[in-house]
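Please keep the sequence and the model in view while reading.

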Amino acid sequence: MIPRALPRRRALILALVGAAALLLALAPVASADWFSPESGGSPNANDIDTLYKIVMYIGIVIFFLVEGLLLYSVIKFRRRRYGAEPAMVHGNTPLEVGWTIGAALIVAIIAAITFIYLPRIKNPPNSSANGLQQFAGEEFASVEQPKPPNGKALRINVVGQQYIWRYDYIGAQRLTENRPVYAYYQMVVPTNTTVVLQINSSDVAHSWWIPKLGGKQDAIPGHNNYTWFKISKPGVYKGQCAELCGNNHADMLAEVRAIPPDQFKAWLVSQRQAILQSQQALAAQRKAGEGQ
Amino acid sequence: MRGLPDRKTGWLSWLSTTDHKKIGLMYIYATFLFFMLGGVEALLMRLQLAQSQNTLINPQTYEALVTMHGTTMIFLFVVPVLAGFGNYFVPLMIGARDMAFPRLNALSFWLLVFGGIVFYMSVFFTPPNTGWTFYAPLSDSAFSPSNGVDAWIFLIHLTGLSSVLGAINFVATIHNMRARGMGWARMPLFIWGILIYSYLLILALPSVAAAVTMLLTDRHFGTGFFDVAQGGDPLLWQHLFWFFGHPEVYIMILPVFGMISEIIPVFSRKPVFGYKAIAASTAAIAFLGMLVWAHHMFTTPTPIVVLAFFMLSSFAIAVPTGIKIFNWIATMWRGALVFKVPMYFAVGFIAQFLIGGISGVMSAVFPVDWQLQDTYYIVAHIHYVLFGGSVFGIFAGLYYWFPKMSGRMMNETLGKVSFWLMFVGFNMTFFVQHALGLEGMPRRIYTYQSGYGWDTENLISTIGSFILAAGILVTLFNAVRSVKTGKKAGNDPWNANTLEWFTPSPPPENNFDVIPRIRSAEPMKDIRREVAAAGRPAGSVAQPVAPGT
């Protein structure tokens, strides 16, 4: 019993130093954005970010509690030369029941919070008044994803193929005399407009993901998958394919460029023109080829 | 019997042996060889990712490394090394003289070896490059015409058969061959881990065996199980694969939980806290583990109600897992902790596995997983579970049982150096990968763009991986050196609780000349008490079982 005072004080100091080091190491975790998902492009990405942070805070509390107990045990309960034999405790039923219920309660709370946030993440809202709603008024919904409350969203089909993304503006065809408009790699969309994506693949499995615009959704051959975004800030949002789709998976990049609705209408027309011109050029080439 | 003159030696005795201890050792040698191969593959990948737009390794080779690393670590290291420890220690810990089916046992081992050889032969033509998950249609002949995929299919069949036969052997042995007096509530917790690992293997492996057979016929015989054009469905592959693949995760951790549950009490000089709670939670994890497979498929086109079910079932697993962690800490609580190397690794295991558990719950929140799925966050998560968890636990087991297997102690100082290198290297490699994933870096990409700000974290991760590798090498060096020069261990160097410490180190071919009667979950404690009380040698205290058994 005699040499106990010093080790105890030393243990306390060690515990404090350890806790301080852990706090220092994890302080940025709690505050900085690099430790939560990307956000800021679309409301669903922001809601996922918030939900992640709530769960992470719960996780950090558990982390400190358990690692703290572990560290405390490691320091405090080291065998000492003159220490007494430990008591032969075999268990404690109330304690077992207690931490079982405690753990169950924590995950129940996380589940409840998830279901509160789920509709905001999953269900597309209406386009804003300064969006493209007067034109992109197609009623579109699926079993997986309800339509916006007023039913109107700009629908784009996203097709993954090795190693490029194709976008079919099937929801904007009334702006181009029902002629098809499509684009590759860069998706141009109007701001303040709810854009609904229907995602599939023409070869292997891919995954559509622009981190700032919300979660990813897999592009699986033979299936349609859905997601949406609504961008308020004009700009370019980058992403890339998230499901291994072959050797050049890393090169399957994508970006979304958001521009004001008026510019978007002009872009549609010019894109339609460009497609027409390239088709004509191709036809002329073929004709020239036949003549030879 | 011990001391008989015709005891076989030499390399032929290893090839033809049916002794569970020799088979167990061969499992451990072979799997550690594969562990080194898988490790080198990982280091090559880390080198390629050390900086953005690196051209060290071409895309084809990189994706082959991704595939070989995952396949090797899972099918050729973690699962079979646990079978190796199980083989060596199940008979010893339950007081049996061998496994129930010794020749089947040898067959299991050789099937594993040939599975590994078949798979690695693909290096000489075209190794597979679809990731260890082999998602159809990428793995179908249209997109992967090379025979590397077929080599993998044969690996799955051979190692799968090896594991199922081994599992049946464990089940038969544990159910029927326990020493007199060893009821279910006196079985060592490692035995509980191996028993439930075996049941999970028997339940889960048929699903992947079916899936790879379907893939084989799709590739070569014109069927269309996974081909949309023929009315098949790529999602069928994912369901069949993960119906096996998630229980596989528990297959790789439950015996390790068992090891930790053996080691923590021995080095805390206290009985394990909540024996029944730990055993029951193992069974609960296994049962729930069969019901969570689609949490690997949260981003597939699947109805929300299904996603919600798999989220809740995944949450449910956190409860029995939490129970285990609390019980281990409660075992240490007010103990007299002895910090030998096995305890270092066991405590490191708890600290790191906890992080993997927390990030597991976070990625089970399916709307959050839409951001995390298929990113480096998930890479970090699985490595916190499988490396920070399983591998650290396996190293704890190696240091703990090496004296029994070799008769000699491993060097403590080298062990501690190895632990600290591995602990620092591991966390440096994988902790930053959480951040990379959250910043949008997908997994399995052979390079990344320079403007994304991922360079620093990747460099940290690469440096960490080499520190980790150095730590592993120190332990391998320690093991090789200690076989010859280690301090003699004696029967029971740790003052441990279970029956394997009753017999000499290394144990004789028949394991025990006498098998003591079991009176509690800690038979060695009873024996030590009796020896102390009677002042007689241990062998005469034990009550021999009837001759001829």
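Contact here means heavy atoms within 4.5 Å. By that criterion, 78 residues of chain A are in contact with 88 residues of chain B. The model is predicted, so local features need pLDDT of at least 70 and side-chain atom pairs count only at pLDDT 80 or more, whereas totals for chains, interfaces and linings use all residues. Residues are numbered from 1 along each chain as its sequence is written, chains are lettered from A and ligands numbered from 1 in the order in which they are written, and side-chain values use heavy atoms, with hydrogens and water left out.

The size of an interface is often given as the accessible area lost when the parts come together. Buried area is that loss, computed with a 1.4 Å probe and summed over both parts. Between chain A and chain B about 7100 Å² is buried, and carbon and sulfur atoms give 71% of this area. On the side of chain A, Phe77(A), Leu244(A) and Asn247(A) lose the most area to chain B, together 10% of what that side buries.

Polar contacts are pairs of N or O atoms within 3.5 Å; within protein, one atom must be able to donate a hydrogen and the other to accept it, and residues adjacent in sequence count only if both atoms are side-chain atoms. Across the interface, 17 residue pairs are in polar contact, both residues being at pLDDT 80 or more. Helices (H or I, at least four residues) and strands (E, at least two) are DSSP runs numbered from the N terminus. The elements of chain A that give two or more residues to the side touching chain B are α2 (43-76), α3 (93-122), β7 (217-219) and β9 (235-240). Of these, α2(A) gives the most, with 16 residues.

Within chain B, the axes of α11 (residues 341-364) and α14 (residues 412-438) come within 9 Å and cross at roughly 10 degrees. Axes are lines fitted to C-alpha atoms, for helices over the stretch in contact, with angles running from 0 to 180 degrees between N-to-C directions. Because angles under 35 degrees count as roughly parallel, α11(B) is roughly parallel to α14(B). Among the residues that meet are Tyr344(B) and Phe345(B) in α11(B), and Phe419(B) and Trp420(B) in α14(B).

A salt bridge is a side-chain nitrogen of Lys or Arg within 4 Å of a carboxyl oxygen of Asp or Glu. The structure holds 14 salt bridges over all chains, yet the interface of chain A and chain B has zero. One salt bridge joins Asp374(B) to Arg443(B), with the closest N and O atoms 3.2 Å apart. Asp374(B) lies in the loop between α12 and α13 of chain B and Arg443(B) in the loop between α14 and α15, so the pair ties together parts that are 69 residues apart in sequence.

Some backbone features remain. A cis peptide bond joins Gln162(A) and Tyr163(A), with omega about -10 degrees; Tyr163(A) is in the loop between β1 and β2 of chain A.

Definitions and conventions:
Buried area = accessible area lost by both parts, 1.4 Å probe. Parallel < 35°, antiparallel > 145°, perpendicular 65-115°, else oblique.
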